[in-house]
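Hi,

Here is the structure I said I would pass on. Have a look at it first, then read my notes below.

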Amino acid sequence: MKDIPKELGDVSTLTKAQNDFMNDLVEHALDIDRAAKLLRSMPQVEVGQTPSEVIWEKDIARLLHYKCEGDLEDRPPILLVYALINEPYILDLQPGRSVVETLLDYGLDVYMIDWKKPDKRHQFETLDDYVNYFIDVCVDKVRKYRDKESINILGYCMGGTLSAMYAALHSEKVRTLSLMAAGLDFEKDTGNLKLWADHDFFHPEKVTEAFGNCPAEFLDGAYLFLSPVNNTVGKLLNLAENVENEEFVEMFFRMEKWIHDGKDVPGKTFSKFVKDLYQENKLVKNELKIGGKRVDLKNIDMPVLLLMGEYDTLVPPESSESFIEAIASDDTEIMKESVGHIGLSVSSKVHPGLWGKVAEWIKERDEKPLTSINGIGEKSAKKLKEASVKSVSDLSISDAEELSEKTGISQKRIQKWKDRIEKQRR
Amino acid sequence: MEEDVSYEDLREQFVSAWEKFYEEMEEYMEELENQNAEIYEEMYKQWREYTDNISSQQKAIDGLESYASMTEMFNNWVKISQNFRDMVEENIEGDLPPNFKNIYSDYMDNVRDVLTDAINQTLEKQRKEQENLYDLWIDAWSQMAGEEEEVPQIFKIVQENWMDSYSNLFNIWQEGLQEEKTEDLFKKSQNEMIKSASEAMQELISSEPYAQLQGSYIDNILDTKITQQELMNTYLESMSLPSREDMLKIYESIHELTSRVREVERRLDDLPIEE
């Protein structure tokens, strides 16, 4: 037996270190064993709990309308356009961390396009079908339902990219455009998906030739490899460490359910999306054509909000930011949070702060200005805004007495304005 | 949900699993009669020696030394790769279908480029006594990847990062032992390994050589599937059965018809409703 090197200390310390290490190892092994069993059993969890009804359904799409209290008239309508991959309940994962719930709480009327799982029959569905048929029909349904000329749109991830295309082709129907973690300028994309999808290395037409649609497992594999250690070993260790924390475990399995609830992407759409956007960056170059029409970003003149996660490895913020330079809108805003791609929807850090701000941003731009009410000039409007009454609907639901105290405007005058709003509505 | 197990249960399971493994390995070894039998036997002995060293929990230095036997194991793995390569090469000289042969030729060309030098050097070099774990790993790497200048830069960086993590790990232990703070050595060691592995992998997957490797791997799989489909198409056509190509034509027609129906429906929706 050899001597122990001096730098390792004396025998008793080394023995203690070995004992401590082995004890921790065994303890940890038990936690990992429990975590692994939990993973194998996949406990049932509730997702997408905000009540909704289907108001339109066709082929691979259906339009959901979320139930809300009170008069719809006071609620600006917003259509959520979800990505073609995985399920949209990531935007309604659990009460308290639900984008849908927060938007409803802040007074919006929420609709969502729920893309259904395509099968072999749907491999010929094109970007044209998605943008100029499915999204356009849904927008028309909401416009008709709410008797509005234009509505607010919020697109998430690939749904954001599709929404940008839609807004460029049908700008008259879009009141405001919000794009959340949406890949738009792929030349600025520094992420690994962009690198792996480079035309020197990846040939999307081979995927569709071999499979018809792009399999969900193929996309899942790519996402897993964006952070291979954290998405495998790191995830298990994290669960093992928090295996006693019920809230953590529940959230963990909601996320697991979502991650494994993938869906194929129709072959034609997948192939064109990768080639025209990831490989040739045609959208911001204004060279993209859909259904024979050029997607001209200079048509995007409505207010635009970009939402991005600072640590998003799937859609790095740089691939969204420069979009603003390519459009005609002079009312643009960027909201960036210190989270990743999914964190924008589910992180406790962003609920309700970020989504409250988003709702307010939309409401301010959706409504007629306060000065459109007879008797309210710039001066009064300023006082009202300082008292957090930013829109006509805010004023209509405000308490005249309370508002009078806050603004110094007489209660009688405020009541008169409220009566005028009511009269206009009748 | 399954019940939690106690420490005793876990230990019992662990010991019986190893005993079973040893038994099965012994049975397996007896059955091996092919050209790799000797190599497997040698590997088995070394693996046994290695695990015995670890499980007897002797002094840390003994544990480190046992890693030296890993070099021998590694040499044997490389030899198996060489045998496999030779076997496939022999076979592709035969009468395999042309597409299959092409795919495999491409694949084996790639493999050969990477492995040939490594294999030659590995077999030529005699195992030498290692001063410490770091040197052993570096040596293993140079044997695997050939001369230093031939190693793609990114793999070299990744390897160096990984090596650094062992150095950090050693420092963590040394510091813990010197300061007699040994309670959280496990946690610190684990965190260091995860951090290093994550950084090394991140560096690797963000590199062009990796993207190229992944791309050619995916291409190989897809080409194989496409070739299978072509063969199946030929077979189904010869049997007068509908093939994938026939189905695709039908799906395409359905899509065209569906698009027309959608258009008609939209026009109907736009018509004013007469009272």
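Before the first number, a term: buried area is the accessible area, taken with a 1.4 Å probe, that two parts lose on being put together, summed over both. For chain A and chain B that comes to about 5,800 Å², with 61% of it on carbon and sulfur atoms. Keep in mind that this is a predicted model.

Now for who touches whom. On one side there are 68 residues of chain A, and they are in contact with 60 residues of chain B. The elements of chain A that give two or more residues to its side are helices H1 (11-41), H3 (127-146), H5 (192-196), H6 (204-211) and H8 (230-241). H1(A) gives the most, with 21 residues. Sorted by class, that side of chain A has 32 nonpolar, 23 charged and 13 polar residues.

There are also 10 salt bridges between chain A and chain B.

Ala181(A) isn't a glycine, yet its phi is positive, near 45°. You'll find Ala181(A) in the loop between strand E6 (174-180) and H5 of chain A, and it counts as buried because its relative accessibility is 1%, where the cut-off is under 20%. Ser240(B) has a positive phi too, near 55°. Ser240(B) is in the loop between helices H9 (208-238) and H10 (244-270) of chain B, and at 67% relative accessibility it counts as exposed.

Cheers

Note on methods: Residues are numbered from 1 along each chain as its sequence is written. Chains are lettered from A and ligands numbered from 1 in the order in which they are written. This is a predicted model: local features need pLDDT of at least 70, side-chain atom pairs count only at pLDDT 80 or more; totals for chains, interfaces and linings use all residues. Side-chain values use heavy atoms; hydrogens and water are left out. Contact means heavy atoms within 4.5 Å. A salt bridge is a side-chain nitrogen of Lys or Arg within 4 Å of a carboxyl oxygen of Asp or Glu. Helices (H or I, at least four residues) and strands (E, at least two) are DSSP runs, numbered from the N terminus. Ala, Val, Leu, Ile, Met, Phe, Trp, Tyr, Cys and Pro count as nonpolar, Asp, Glu, Lys and Arg as charged, and the others, Gly among them, as polar. Buried means under 20% relative accessible area, exposed over 50%, partly exposed in between (1.4 Å probe, protein chains only).
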